[in-house]
Amino acid sequence: MTSGNKMKKIYVLVALLAFAVAACKDDDNGIEGNVPAVVTEEFDEAFARELFNRGYITDPQDIAKIKEEVAGITELDVSDKLSNGELTSLKGIEYFSSLQRLVCSGNKLTALDVSCNTALDYLDCNNNNLTELDVSSNTELEYLTCYYNNLTGLDVSGCTALTVLQCNSNNLTGLDVSSNTKLQSLTCSYNNLTELDVSSNTELEYLTCTFNKLTELDVSRNTKLVYLYCYNNALTTLDVSNNTALTVLSCDYNKLTELDVSNNTALTQLWCHYNNLTELDVSNNTALTKLWCYNNNLTELDVSNNIALTLLQCYGNPGSGGVFEVKAWFDDTTVPSGSFTTNPWKYNGSTVTIHYQKK
């Protein structure tokens, strides 16, 4: 190869390298998603990049145009499924003045200011690192889910339109929902609540308050309740006589000594294990398909009316004279398929066998 040809090749390589460098610079100017510094003055850089990548903003160098574009956006989803969970700030969200729906779950947010988003009716900010959340300006909120954060307090007194509240898995020591009279679903499990007043929430259909420190729970005014999960608390009494719409009741792992479910004829599933029950009458609960009543102080059980049962777990009870007698629609030789306790167990060191007696 002549020296002239070698020089030509070198010139070509240099030209190609220069073109590649220029292309990379174009990328840095926003062509492939990196946003110019001008935007980051009023928008968090990663947040702005996400907006640009998803087509919410068209010219990352024109801040006036950006504000105009985001002002008309009504729905925004920057959750981890779209942002890879990398967002640490939503600085600039205040310019979304028409925003009604915001989903920013699964990121690394330590703060979230939605005070300017007064049209917001749906906010999902779960799975972040929030220590506080101010929704006092969001009076139109109907749906708020903020679980799996580090909130120590949550004031929803101004959110009178709220129908769904999910604030479980935080560090809440108190929760006032007395102003939220339209609330239909409340999930506040895995907190440090010592009391919970739901007497004003007469529209409530779904209540989950498990893994707290509740010693009492009054649901007498919640006559529309369909699902009640209050397990792993310190309840000594529970009156569900007014909750005739209940289909699922889970009150296990408490300190109940009695439980009257005679009025709960719609009940299909009952968890009441790990309490101190000495008797349990389910004769009126003919719709019952699953019953967990193990590890109580029951001496016997009558399920003869509960022919819809497919699951019965009643082990760990003392029985009487080493036998736990269950009156049923079958006997020991005709136990139906499903999940029915059949094996013996130990109680205070003594063996207890189960005996099904056809009634």
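User: What is the volume of the largest pocket?

Analyst: This is a predicted model, in which local features need pLDDT of at least 70 and side-chain atom pairs count only at pLDDT 80 or more, while totals for chains, interfaces and linings use all residues. Residues are numbered from 1 along each chain as its sequence is written, and side-chain values use heavy atoms, with hydrogens and water left out. A pocket, on a 1 Å grid over the protein atoms alone, is an open set of points where a 1.4 Å probe fits, with protein on both sides within 12 Å along at least five of seven lines; its lining residues have an atom within 4 Å of a point. With grid points joined across faces, edges and corners, and volume taken as the space filled by probe spheres set on the points, the largest pocket has a volume of about 220 Å³.

User: How many residues in the lining of the largest pocket are charged?

Analyst: The lining includes Glu258, Asp260, Thr278, Leu298 and Asp302. Asp, Glu, Lys and Arg count as charged; Ala, Val, Leu, Ile, Met, Phe, Trp, Tyr, Cys and Pro as nonpolar; and the others, Gly among them, as polar. The lining divides into four nonpolar, two polar and, as the number asked for, six charged.

User: Which residue meets Asp302 in a salt bridge?

Analyst: A salt bridge is a side-chain nitrogen of Lys or Arg within 4 Å of a carboxyl oxygen of Asp or Glu. By this rule the count is five. For Asp302, the N to O distance is 3.0 Å, and the partner is Lys359.

User: How many residues apart are Lys359 and Asp302?

Analyst: The salt bridge between Lys359 and Asp302 links distant parts of the chain, with Asp302 in strand E12 (residues 300–302) and Lys359 in the segment after strand E17 (350–358). Strands (E, at least two residues) and helices (H or I, at least four) are DSSP runs, numbered from the N terminus.

User: Is Lys359 buried or exposed?

Analyst: Buried means under 20% relative accessible area, exposed over 50%, and partly exposed in between, with a 1.4 Å probe and protein chains only. Asp302, at 27%, counts as partly exposed. Because its relative accessibility is 64%, Lys359 counts as exposed.

User: Why are Arg49 and Glu45 separated by about one helical turn?

Analyst: The side chains of Arg49 and Glu45 meet in a salt bridge, 3.0 Å from N to O. An α-helix has 3.6 residues a turn, so residues three or four places apart point the same way. Arg49 and Glu45 are about one helical turn apart because they are four residues apart in helix H3 (residues 45–53).

User: Which residue has a side-chain oxygen reaching the backbone nitrogen of Ala46?

Analyst: This approach lies at the start of H3. The oxygen comes to within 3.2 Å of that nitrogen, and it belongs to Asp44.

User: Which residue's side chain is joined to that of Thr208 by a polar contact?

Analyst: Thr208 is found in strand E7 (residues 206–208) and is buried, with a relative accessible area of 8%. A polar contact is a pair of N or O atoms within 3.5 Å; within protein, one must be able to donate a hydrogen and the other to accept it, and residues adjacent in sequence count only if both atoms are side-chain atoms. At 3.3 Å, the side chain joined to Thr208 is that of Tyr206.
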